[in-house]
Amino acid sequence: MLGSAEDRVPFIQDAAAAAGLLLPLSLGAEGSCRIGGNIGTNAGGLSVVRYGMTRDLLLGIEAVLADGTVVSDMRKLRKNNTGYDVKQCFVGSEGTLGIVTGAVLRLAPLPTRRATAWLKLASGAPLAELLALVRRESADLLTAFEFMAARSIALATDAMTDPPSLGAGPAGAVLVEFASSSRHLDLDELMEAVLAEAIEAGWLDDALLAQSGSQRTAMWRLRETIPEGEKRRSGSVKHDISVPLSSIRRFLDLAGAQVRSYDADLELSVYGHVGDGNLHYNVLVPPNVDRLEFTKRIEGSLSLQLYDTVAALGGTFSAEHGVGRFKKHLLERYGDPGRIAAMRRIKTAFDPADIMNSGAVVRPLDETPGS
């Protein structure tokens with residue numbers, strides 16, 4: 001946070017931890033982002049597989065509409081069946097309906113024990129089945145299930161001054177983490193038992209269980225350096241997609257064939273929160289190529305092919321990054337007309353003069369496509 005020690009806003013995670021509790025929201029922008037923005041973007045992050053998105057953590061809200069009306073529902077209730085759940089209108093609205101000025105958030109017990117493992121995937125390893133095994137046998141103690149292709153790991157390794165020697169299997173790697181606040185559970189023993197089943201099934205070539213906090217930190221540092229590795233390489237055209245868990249392997253096969261057919265020399269960086277169906281399917285900008293021109297070309301052709309595949313599998317073109325101004329055409333291309341019509345009516349009802357983040361997400365009712 002910016003400012004002097006006197007006026008600095010405390011980190012909400014620290015405030016929760018001081019009370020022996022956990023705010024499960026964990027994402028790359030923590031430390032600079034604010035809760036109002038997290039609500040406006042329905043932020044996800046690394047722990048969605050266990051705790052859900054921001055909307056799943058929101059109990060109450062206060063917001064100010066364009067005309068100055070204050071919408072206040074700051075109750076701490078899990079059960080409140082008294083009409084429309086108005087607070088959810090602001091979640092993922094990207095500031096187009098009002099300004100969030102307060103929130104009541106659901107917290108969880110603060111984990112005191114963790115078990116973290118780096119899995120090298122064998123050729124043809126079924127991600128959905130592996131995830132199902134890990135969730136079932138861990139009794140839902142799973143907090144992270146992060147997939148990384150070998151190319152993504154190599155990019156991160158190249159960007160680090162002292163990279164850990166972890167590597168990937170033929171089908172990539174997965175970072176798995178269990179967490180618990182119980183004093184009676186041996187998470188390392190549980191992790192070892194789960195991994196033994198996966199190895200016996202032929203899904204893993206190897207697995208490394210972190211033996212210390214520093215080893216765990218090194219695993220997460222490698223995972224979190226992938227975006228920086230892409231930037232240092234020359235950048236990428238990003239596709240923040242989500243597909244049903246059962247369709248992830250099918251998407252990877254179909255999308256890979258589409259990329260090869262488009263240009264066999266293109267390289268991919270594929271990673272993401274596979275535990276919740278979210279993949280970052282990024283096309284690397286070739287060396288010595290203008291990034292903006294390449295991005296424009298890919299987004300006008302290959303990207304639409306990939307999104308068509310995502311839609312055919314029941315997925316979405318935006319799992320985390322929202323719609324904003326630049327993806328409105330994708331919402332209109334792939335979105336349900338009835339849902340879009342309802343969104344436009346909500347926008348007009350909350351902000352008839354279109355002054356709240358004008359031009360983002362949906363067109364007002366009186367605006368025609370392309371205007």
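## Exercises on ring pairs, a helix side and a sheet

Phe90 is buried, with a relative accessible area of 1%; buried means under 20% relative accessible area, exposed over 50% and partly exposed in between (1.4 Å probe, protein chains only). The model is predicted, with local features requiring pLDDT of at least 70 and side-chain atom pairs pLDDT 80 or more, while totals for chains, interfaces and linings use all residues. Residues are numbered from 1 along each chain as its sequence is written, and side-chain values use heavy atoms, without hydrogens and water.

**Exercise 1.** Classify the ring pair of Phe90 and Phe350, and locate both residues in the chain.

*Solution.* 
1. Rings of Phe, Tyr and Trp (its six-membered ring) pair if their centres lie within 6.5 Å; planes under 30 degrees apart are stacked, over 60 edge-to-face, and the rest tilted.
2. For Phe90 and Phe350 the centres are 5.7 Å apart and the planes stand at 75°, so the pair is edge-to-face.
3. Phe90 belongs to helix α5 (residues 87–90) and Phe350 to helix α15 (residues 337–350); the pair thus links distant parts of the chain, 260 residues apart. Helices (H or I, at least four residues) and strands (E, at least two) are DSSP runs, numbered from the N terminus.
4. Phe350 also counts as buried, at 18% relative accessibility.

**Exercise 2.** Classify the ring pair of Tyr307 and Phe317, and state whether these residues are buried or exposed.

*Solution.* 
1. The ring centres of Tyr307 and Phe317 are 6.2 Å apart and their planes are at 65°, so this pair is edge-to-face.
2. Tyr307 lies in helix α13 (residues 302–312), and Phe317 lies 10 residues apart from it, in the loop between α13 and α14 (328–334).
3. Both Tyr307 and Phe317 are buried.
4. Ring pairs join Tyr307, Phe317 and Tyr334 in a cluster.

**Exercise 3.** Identify the buried residues of helix α7 and explain how they are placed around its axis.

*Solution.* 
1. Helix α7 (residues 150–159) has Ser152, Ile153, Leu155, Ala156 and Ala159 buried.
2. Their arc around the axis is only 160°, which puts them on the same side of α7. The arc is taken from the directions from the helix axis to the C-beta atoms.
3. An α-helix has 3.6 residues a turn, so residues three or four places apart point the same way.

**Exercise 4.** Give the strand order of the open sheet of 3 strands and name its edge strands.

*Solution.* 
1. The order is β3-β2-β4, with antiparallel pairing; two strands pair if DSSP finds at least two bridges between them.
2. β3 (70–73) and β4 (99–105) are the edge strands, each pairing on one side only.
3. Strand β2 (residues 58–64) pairs with β3 in the antiparallel sense over 4 bridges.
4. Ser72 in β3 is the bridge partner of Glu62.
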